[in-house]
Amino acid sequence: MSGCPDCRIAKVNKMLTSTAHRDQLMGVIQFLPGALMPVVEKTGNTELKKSLEALAGMAGTYRSTTRLTSLFSMLTKGAPPKTDGTPESVTNLLSWVFTAIFLPMENIAVYAGNGVMARDVSAERKAEYGPRCVYFWFYSLVFEQLTYILKLAKLKKKPDSAEKEQEVQGILKKFLQAFLWFIMAWGSMPQQGTIKLLQNPEASFLKPLHSLVELTTVNGITLGPWTKAMCGMIPTVMTISDICKTL
């Protein structure tokens, strides 16, 4: 029954009608061209290379535009997560906060990059939106990884059991995904200078946050296109694999 054509079509339909699931499929389209680029470059086909780069850019823009729905999903799931005073609950909350800030900033960065801004906004100002959203993405992943490390440390104190082993494997899998996204985010950070959250911080009540962002800006690392693509491709495929198991 599970192998019948109608069942397979129903599963595909179920995946495509979910914004979160569709985002993961578009992730493959976004990262696969970069993963194939070394092979494409060896062929010397410049037109194919340009086409794949355009395809990756299109998928990336689509994801960045629609991913704002994740914010509403976060806000409808008993958000923000409650803390019980344990270190892992605090880092989990911080990861949630940074993610909640990152998502709308990512949308603004996409609009700025595609010219959907007032004409009097300079190109220099438009270029500042990208690093701002990457900063909050970067630190959401820092705190997410800390959460997993703290959870593993707590599990280590428990007696060995099949349930513990399964839980450890689940956390390690999530940690690997977060780590790969973290490397990608780090490679997207500016390699010099500081990120400025506000143009005129002196006149804003957000000046403390602006100063914190400047103080904690981390210089980016250099990643080749293939490495960056694989850092996105691997966790995306892992997520799709988990989604397919639930359909």
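Tutor: A salt bridge is a side-chain nitrogen of Lys or Arg within 4 Å of a carboxyl oxygen of Asp or Glu. Please keep in mind that this is a predicted model.

Student: Why is the contact between Lys 49 and Glu 41 called a salt bridge?

Tutor: The N to O distance between the side chains of Lys 49 and Glu 41 is 3.5 Å. The cut-off is 4 Å, so the pair qualifies.

Student: What makes Lys 49 and Glu 41 partly exposed?

Tutor: Lys 49 has a relative accessible area of 28%, and Glu 41 has 47%. Buried requires under 20% and exposed requires over 50%, so both values fall in between.

Student: Let us turn to the aromatic residues. Why is the pair of Phe 31 and Trp 181 called tilted?

Tutor: A pair of aromatic rings is described by the distance of the centres and the angle of the planes. For Phe 31 and Trp 181 the centres are 5.8 Å apart and the planes are 55 degrees apart. The centres must lie within 6.5 Å, stacked means under 30 degrees and edge-to-face means over 60, so the pair is tilted.

Student: What does the pair of Phe 31 and Trp 181 tie together?

Tutor: Phe 31 belongs to helix 2 (residues 19-43) and Trp 181 to helix 7, so the pair ties together parts that are 150 residues apart in sequence.

Student: How do you know whether Phe 31 and Trp 181 are buried or exposed?

Tutor: Phe 31 has a relative accessible area of 4%, and Trp 181 has 19%. Buried means under 20%, so both residues are buried.

Student: What makes the pair of Phe 138 and Tyr 139 edge-to-face?

Tutor: The planes of Phe 138 and Tyr 139 are 85 degrees apart, with 5.0 Å from centre to centre. An angle over 60 degrees counts as edge-to-face, so the label follows. Phe 138 and Tyr 139 are both buried. They also belong to one aromatic cluster, whose members include Phe 98, Phe 143 and Trp 186. In the whole structure, 15 aromatic pairs are found.

Student: Which residues touch the most other members of the largest nonpolar core?

Tutor: Tyr 135, Phe 136 and Trp 137 do, in a core of 35 residues. Helix 6 gives the most to this core, with ten residues. Among the residues that Phe 136 touches are Phe 98, Phe 102, Leu 197 and Val 213.

Student: Why is Val 134 called buried, and what does Val 134 touch?

Tutor: Val 134 stands at 12% relative accessibility and so counts as buried, the limit being under 20%. Val 134 is in helix 6 (residues 123-156) and touches Ala 185, Ser 188 and Met 189, leaving aside residues up to four places away in sequence. The C-alpha atoms of Val 134 and Phe 102 are separated by 7.4 Å, although the two are 32 residues apart along the chain.

Student: How many helices and strands are there in the chain?

Tutor: The chain has nine helices and zero strands. Of its 247 residues, 34% count as buried.

Methods: Residues numbered from 1 in each chain as written. Predicted model: local features only at pLDDT ≥ 70, side-chain atom pairs only at ≥ 80, totals over all residues. Heavy atoms only, no water. Helix = DSSP H or I, 4+ residues; strand = E, 2+ residues; numbered from the N terminus. Buried < 20%, exposed > 50% of the residue type's maximum accessible area, 1.4 Å probe, protein only. Contact = heavy atoms within 4.5 Å. Core = buried A, V, L, I, M, F, W, Y, C linked by side-chain atoms within 4.5 Å. Phe/Tyr/Trp six-rings, centres within 6.5 Å; stacked < 30°, edge-to-face > 60°.
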